Amino acid sequence: MDDTRNRCEVTQAPISADEVIVRLIEPAVGAVVTFVGVVRGQTEGRRTLHLEYEAYPSMAEQTLRQIGDEIQGRWPSIRQVAIVHRVGRLAVGQTAVVIALSAAHRAETFDALRYAIDRLKEITPIWKKEVFVDGEAEWRSEE
Amino acid sequence: MDVNVRLFAAPREAVGTNELTVTLPDGATVAELIQQLTEAHPVLKAYVRFLSVAVNRAYVGQQTELHDGDEVALLPPVGGG
């Protein structure tokens, strides 16, 4: 694997979509698509206080790189894949994940972006505990 | 042989630790590890049927044979993004 084509990490630090996009800019690139996952302020009518994200960091980063490799296998026009997921306590409105893909042209970027977030939610060992304003808390998964 | 077990999210909170060292007979499988763990920590029983297992950071099946020094992660349903 060529690391310069696939930049994935799990971090405690705040993340910014702009900073991730900049990593992908090079002369051959004419399109960058991004997905930004943000902490929502309510779930099924209950107000959320914050989310606590927990990862199995070494496997999570390996899994994110695998997703990048899968994308480049399915859509060879994708030049670079960057997936950055934040962990720790995140307040409502803060960015939890940024996925950015680059290509010379936009054609396949949207399908590849949807694949990236769907696959992340399916296989990446990251968990979130939702803490509600009413004091209750629960671990949430996609099921 | 000894394996290093890592726990996350709800089962981690239930057991009260994120890491356990478990001694098993040579040739033991993932299923046998889980059996032994649930006997030692009955609180895990509520989670077992929802768990995926990774050995050395790769998803594996229940019949996978373990080796001394393996890192075995018990992974509840993931919720990233």
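This note sets out numbered points on the predicted model of chains A and B.

1. Overall make-up of chain A. Chain A contains 3 helices and 9 strands. Along its sequence these elements follow the pattern β-α-β-β-β-α-β-β-β-α-β-β. Its C-alpha atoms occupy a box of roughly 50 × 25 × 25 Å along the principal axes.

2. Burial and contact range in chain A. Of the 143 residues in chain A, 33% are buried. When contacts between residues at least 6 apart in the sequence of chain A are taken, 75% of them join residues at least 24 apart.

3. A helix pair in chain A. Two packed helices are described by the angle between their axes and the distance between the axes. In chain A, helix H2 (residues 57–74) packs with helix H3 (residues 109–123) at an angle of about 145 degrees, and the axes are 10 Å apart. The crossing of H2(A) and H3(A) is right-handed. On the H2(A) side the contact is made by A:Thr63, A:Ile67, A:Glu70 and A:Ile71. On the H3(A) side the contributors are A:Ala112, A:Tyr115, A:Ala116, A:Arg119, A:Leu120 and A:Ile123. By residue class, the contact of H2(A) with H3(A) comprises 7 nonpolar, 1 polar and 2 charged residues.

4. Overall make-up of chain B. Chain B has 3 helices and 5 strands, and from the N terminus the order of its elements is β-α-β-α-α-β-β-β. The radius of gyration of chain B is 12 Å, close to the 12 Å given by the globule rule for 81 residues, so chain B is as compact as a globular protein of that length. The box filled by the C-alpha atoms of chain B is roughly 35 × 25 × 20 Å along the principal axes.

5. Burial and contact range in chain B. Among the 81 residues of chain B, 22% count as buried. Of the contacts in chain B between residues at least 6 apart in sequence, 53% join residues at least 24 apart.

6. The buried face of helix H2 in chain B. Helix H2 of chain B spans residues 30–40, and its buried residues are B:Val30, B:Leu33 and B:Leu37. Viewed down the axis of H2(B), these buried residues fall within an arc of 60 degrees, so they line one face of the helix. The cover over the buried residues of H2(B) includes strands S1 (2–7), S2 (19–23), S3 (52–55), S4 (58–60) and S5 (71–75) of chain B.

7. The interface. Contact between the chains involves 14 residues of chain B and 22 residues of chain A. Helix H1 (9–15) and strand S5 of chain B are the elements that give two or more residues to the side of chain B that touches chain A. The residues on that side of chain B divide into 9 nonpolar, 3 polar and 2 charged.

8. B:Leu75. This residue lies in strand S5 of chain B. B:Leu75 is buried because 21 other C-beta atoms lie within 10 Å, and the threshold for burial is 20 or more. Leaving aside neighbours within four places in sequence, B:Leu75 is in contact with A:Pro125 of the partner chain, and with B:Phe8, B:Leu51, B:Ser52, B:Val53 and B:Ala54 of its own chain. B:Leu75 and B:Gln35 are 40 residues apart in sequence, with their C-alpha atoms 16 Å apart in space.

9. Positive phi at B:Ala9. B:Ala9 is found in helix H1 of chain B. B:Ala9 counts as buried because it has 26 C-beta neighbours inside 10 Å.

10. Positive phi at B:Arg57. B:Arg57 is not a glycine, yet its phi is positive, at about 70 degrees. B:Arg57 is found in the loop between S3 and S4 of chain B. With 15 other C-beta atoms within 10 Å, B:Arg57 is partly exposed.

Note on methods
Residues are numbered from 1 along each chain as its sequence is written. Chains are lettered from A and ligands numbered from 1 in the order in which they are written. This is a predicted model: local features need pLDDT of at least 70, side-chain atom pairs count only at pLDDT 80 or more; totals for chains, interfaces and linings use all residues. A residue is buried if 20 or more other C-beta atoms lie within 10 Å of its own, exposed if 12 or fewer, and partly exposed in between; C-beta atoms are placed from the backbone. Helices (H or I, at least four residues) and strands (E, at least two) are DSSP runs, numbered from the N terminus. The arc is that of the directions from the helix axis to the C-beta atoms. Two residues are in contact if their C-beta atoms, placed from the backbone, lie within 7 Å. The radius of gyration is taken over C-alpha atoms; the globule rule is 2.2 Å times the number of residues to the power 0.38. Ala, Val, Leu, Ile, Met, Phe, Trp, Tyr, Cys and Pro count as nonpolar, Asp, Glu, Lys and Arg as charged, and the others, Gly among them, as polar. Axes are lines fitted to C-alpha atoms, for helices over the stretch in contact, and angles run from 0 to 180 degrees between N-to-C directions. A crossing is left-handed if the near helix is turned anticlockwise from the far one by less than a right angle, and right-handed if clockwise.
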